[in-house]
Amino acid sequence: MELRNKINKEELKQRMRESSEERKTISFYQYAKIGNPDLFRDHLYLQLSEIGVFGRIYVANEGINGQMSLPAKNLDLLKETLDKITFLKGIRLNIAVDDDGKSFYKLKIQVKKKILADGLEDETFDVTNKGKHLSAEEFNKLAEDPNTVILDMRNHYETEIGHFENAICPDVDTFRHSLPIIEEILRPHQDKNIVMYCTGGIRCEKASAYYKHRGFEKVHQ
């Protein structure tokens, strides 16, 4: 069985435009240690294609990152499907609120070297050993502590739109170029609380694990 789409993309797009089926657009990610990404990819393709999922999903040894759409009626089926995968059980699904659900027209799952390019070649770096995840209340409390450094992990054009008060906003274009630059910025603050944030979580979560690996102890996201 060939686990990929074989229908002309223009035909698929036309089908999507003409469809009146209500669909939901969803994004999610999870860092995890996947021993055989190719095998996992094929298993996931079979499971998701059964419930009408379209989208773009990346799988790697370090985890999974996906943007997808599916029939609204199958949302509970999606949750049940993901819950059967140990490291995806209870995963947070970000559901688009202002979207017609026609963002994708086929399912594409690719095996990548990494789900988020970071420019690192350090095999000892454990991306699952992440910094503590903060609630809004915990974030506010730490933000008021003079012994806290707040770090914006987004690109410079995102920080120009808006950022938290007193946050360090590195002038970077891509995540892969930001890690060594930010480490130099943080070195004088190594004993302080480090609180980092980004848009969807995937960048600051990997960064929190990396800076823990580099010797920073009070790392939060």
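Reader: How far apart are the end C-alpha atoms of helix 2?

Author: Helix 2 (residues 37–49) has 13 residues, and at 1.5 Å a residue it should span 18 Å. Helices here are DSSP runs of H or I, at least four residues, and strands are runs of E, at least two, numbered from the N terminus; the expected span is 1.5 Å times one less than the number of residues. The end C-alpha atoms agree with that, sitting apart by 18 Å.

This is a predicted model, where local features need pLDDT of at least 70 and side-chain atom pairs 80 or more, while totals for chains, interfaces and linings use all residues. Residues are numbered from 1 along each chain, and side-chain values use heavy atoms, without hydrogens or water.

Reader: Which residues of helix 2 are buried?

Author: Buried means under 20% relative accessible area (exposed is over 50%, partly exposed in between; 1.4 Å probe, protein chains only). On helix 2 that gives Pro37, Phe40, Arg41, Leu44, Tyr45 and Leu48.

Reader: Within what arc do the buried residues of helix 2 fall?

Author: Take the directions from the helix axis to the C-beta atoms. The buried residues line one face of helix 2, because seen down its axis they fall within an arc of 140°.

Reader: Which strand gives the most to the lining of the largest pocket?

Author: Strand 1 (23–31), helix 4 (136–143), strand 7 (193–197) and helix 7 (202–213) each supply at least two lining residues. The top contributor, with 3 residues, is strand 1.
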